[in-house]
2 protein chains.
Amino acid sequence: MIIMQTVKDKLKNIGEDVLSQIKEGKNPSLEIPIRSFSNIIYDEKIKLLRLGDKTSRRYFFNVAHAKKFMQTLIIATRCKDLLDEKIHASLREMFYNVKHTLQNSNENTFDEQTESDDIIEDLEVMLGTLREQLHLNADASGRIVGNMSIIDAGDTIHLNKLGTGGWHIPSNVEDIKFDRIDAEYVFVVEKDAAFERLNEDKFWKKNKCILVSTHGQAARGTRRLIRRLNKEHDLPVIVFTDCDAYGWYIYSVLKAGSMNLAHTSEKLATPDAKFIGLTMTDIVEYDLKKHTIKATEQDIRRAKELLNYKWFQHPLWQREIKLMLKKGYKAELQALASRGFKFISETYLPDKIEKKDFLP
Amino acid sequence: MIIMQTVKDKLKNIGEDVLSQIKEGKNPSLEIPIRSFSNIIYDEKIKLLRLGDKTSRRYFFNVAHAKKFMQTLIIATRCKDLLDEKIHASLREMFYNVKHTLQNSNENTFDEQTESDDIIEDLEVMLGTLREQLHLNADASGRIVGNMSIIDAGDTIHLNKLGTGGWHIPSNVEDIKFDRIDAEYVFVVEKDAAFERLNEDKFWKKNKCILVSTHGQAARGTRRLIRRLNKEHDLPVIVFTDCDAYGWYIYSVLKAGSMNLAHTSEKLATPDAKFIGLTMTDIVEYDLKKHTIKATEQDIRRAKELLNYKWFQHPLWQREIKLMLKKGYKAELQALASRGFKFISETYLPDKIEKKDFLP
């Protein structure tokens, strides 16, 4: 509730600020932090990608700015409406809602969703808030189970009593309250099939953890939920992906944020996260050599990019990535099934967790 | 439990049959229904795509058959193991598990997952069973909420107490028991954002329905769950997609099955399903003309294909599809947000449901 009040106040401030500029006879303008690459920095102290301090001004009386100025105020108004009505909307719904033709003209307020999405990101940085706190929902995917109860929309949900399915992580997890947590860490897997394997084998029960599937690249709601569990409840986060550039990138985004959403890292990313596998060393260690796959050109290209990421400069990561480039192969976590279906949950993971065999 | 016993028996029968052929000095063989297009028919009586009666024989002493014969027995054996161990596996895990190099040779049992997937489909048709009943899980996606309780893996799950997230539909819904159902129909939406809109607006509570999101093309688990609710509990099924060829195809697969999985239609499809919208007529009726999108070449091509589908021969569907081809535009269900965020749940859907304004 505190957050909602603050965001609403911030939105009101935009309007009041513009009004007072008009009353003073000024050319109304808005100050907006710059989101382009030139203003994205990796902050060594907090171990996150974030925006620098550069800003720009958007003026009403400026032919190049006027339309965007109008769009900013329209979106800000509709976000305040959402907060007032206590409802949420998707980015696409917002686009359709704000798109209309200006009276006595052929000019549309918005023509493409990219325009409204862009303004929404501007608002996020202007207000230092997540779009979710503006009641705008992103795509949802991912699921969660574990010894934990949460309160969401008035329901108390016991995440240890959800059968084989688990709780579908919604797009917006801002209002979720953690009611009871009896777990020692959060275990994040990239793949639904691995989630189902570990869930069936009661991995989270035996190992006292919370089990999350991202279902590929993690959606914002899933990233935010993982961060909240880490920051608000001091739970370590362990990530398990395929041994390939795409898997490492999923980990990278969870850990340090992404370039195109650098302004959200401080609310979505989890710099403390650790990587358990699958590693190149595991392939030798666990006799998976015969189950590797030739790395594609895309793998190679992406792996070379990752080599330069500041948060992959640790010698262990450099070795890992270079080993892949040298050997020219990759492996999926399902390759562990060649050692037996339960090998992953009864041998591989407990082994590595006991030895604390993680990459940073 | 009855199902499990039967499937296990059927698997045992395969082995016993081969054994007795060997004892009789015959060339061991397996009879397998043909899955190619030549054997796919649309059965007017049950309103479903299904396989015809053509079969072929796979012989051990036949150079062209020997490898597939071996593969069939390997997969059948591992499926029986899964049933014995009471665990499930994904198709990918199964592939890794059965892939190995034959002793004193360079010959692999399986080289690509397409080979093991293919044999699994053979087993499905041979045994008249779903791969899920062989404990093989497909991809999972989709979520569900509503006035209903289910029992899954020993947990009683109240689908009306799951906050904004809902229950993540697992890949395999064979063992789910319906504990209590207090709903009048199943409402299926194509998009997660629409699910979240309707869930937030308590649509399922106010309209006494069960709300399902397929998240695009429905996964097998979701299709199976919808069919089970329809067949086992006589619940009508109403489907809501975008007004475009892809949306209609999602409906088509839910209703009549798909060509490449024709052998599963009788267990996955719901011929009784009705289509509520978004329709071409809605675009005029609800003043969405300004929010249409130009149909792409792919839309046009697919729409022309759909025109020939036997289950789209109804005059209402022919008119609908031809109207799209004539006008050259399509529309997304989110376009309704142009009339207000809650318009969809408070006006559009209740209107159409009251008037029973459905396409067959």
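Which residues in α3(B) meet which residues in α4(B)? In this predicted model, B:L91, B:R92, B:M94, B:F95 and B:V98 of α3(B) meet B:Q113, B:S116, B:D117 and B:I120 of α4(B), where two residues are in contact if their C-beta atoms, placed from the backbone, lie within 7 Å. By class, this contact has five nonpolar, two polar and two charged residues; Ala, Val, Leu, Ile, Met, Phe, Trp, Tyr, Cys and Pro count as nonpolar, Asp, Glu, Lys and Arg as charged, and the others, Gly among them, as polar.

Residues are numbered from 1 along each chain as its sequence is written, and chains are lettered from A and ligands numbered from 1 in the order in which they are written. Local features need pLDDT of at least 70 and side-chain atom pairs count only at pLDDT 80 or more, while totals for chains, interfaces and linings use all residues. Helices (H or I, at least four residues) and strands (E, at least two) are DSSP runs, numbered from the N terminus.

The axes of helix α3 (residues 91-98) of chain B and α4(B) lie 9 Å apart, at an angle of about 110 degrees; axes are lines fitted to C-alpha atoms, for helices over the stretch in contact, and angles run from 0 to 180 degrees between N-to-C directions. The two helices are therefore roughly perpendicular, the term for 65 to 115 degrees.

Helix α4 (residues 113-127) of chain B has 15 residues and spans 21 Å from its first C-alpha to its last, close to the expected 21 Å (1.5 Å times one less than its number of residues). Its buried residues are B:S116, B:I119, B:D122, B:L123, B:E124, B:M126 and B:L127, buried meaning that 20 or more other C-beta atoms lie within 10 Å of a residue's own. Just after α4(B), B:G128 takes a positive phi of about 60 degrees.

Turning to the pair of chains, a rotation of 180 degrees with 0.0 Å of shift along its axis superposes chain A on chain B (RMSD 0.0 Å), by least squares on the C-alpha atoms of residues with pLDDT of at least 70 in both. That is the relation of a two-fold axis. The contact takes 39 residues from chain A and 40 residues from chain B. On the side of chain A that touches chain B, β5 (89-90), α3 (91-98), β9 (155-158), β10 (167-168) and α5 (192-200) each give two or more residues. This side divides into 14 nonpolar, 14 polar and 11 charged residues. The copies meet through the same surface, because 100% of the interface residues of chain A are also interface residues in chain B.

Key. A residue is buried if 20 or more other C-beta atoms lie within 10 Å of its own, exposed if 12 or fewer, and partly exposed in between; C-beta atoms are placed from the backbone. Angles under 35 degrees count as roughly parallel, over 145 as roughly antiparallel, 65 to 115 as roughly perpendicular and the rest as oblique.
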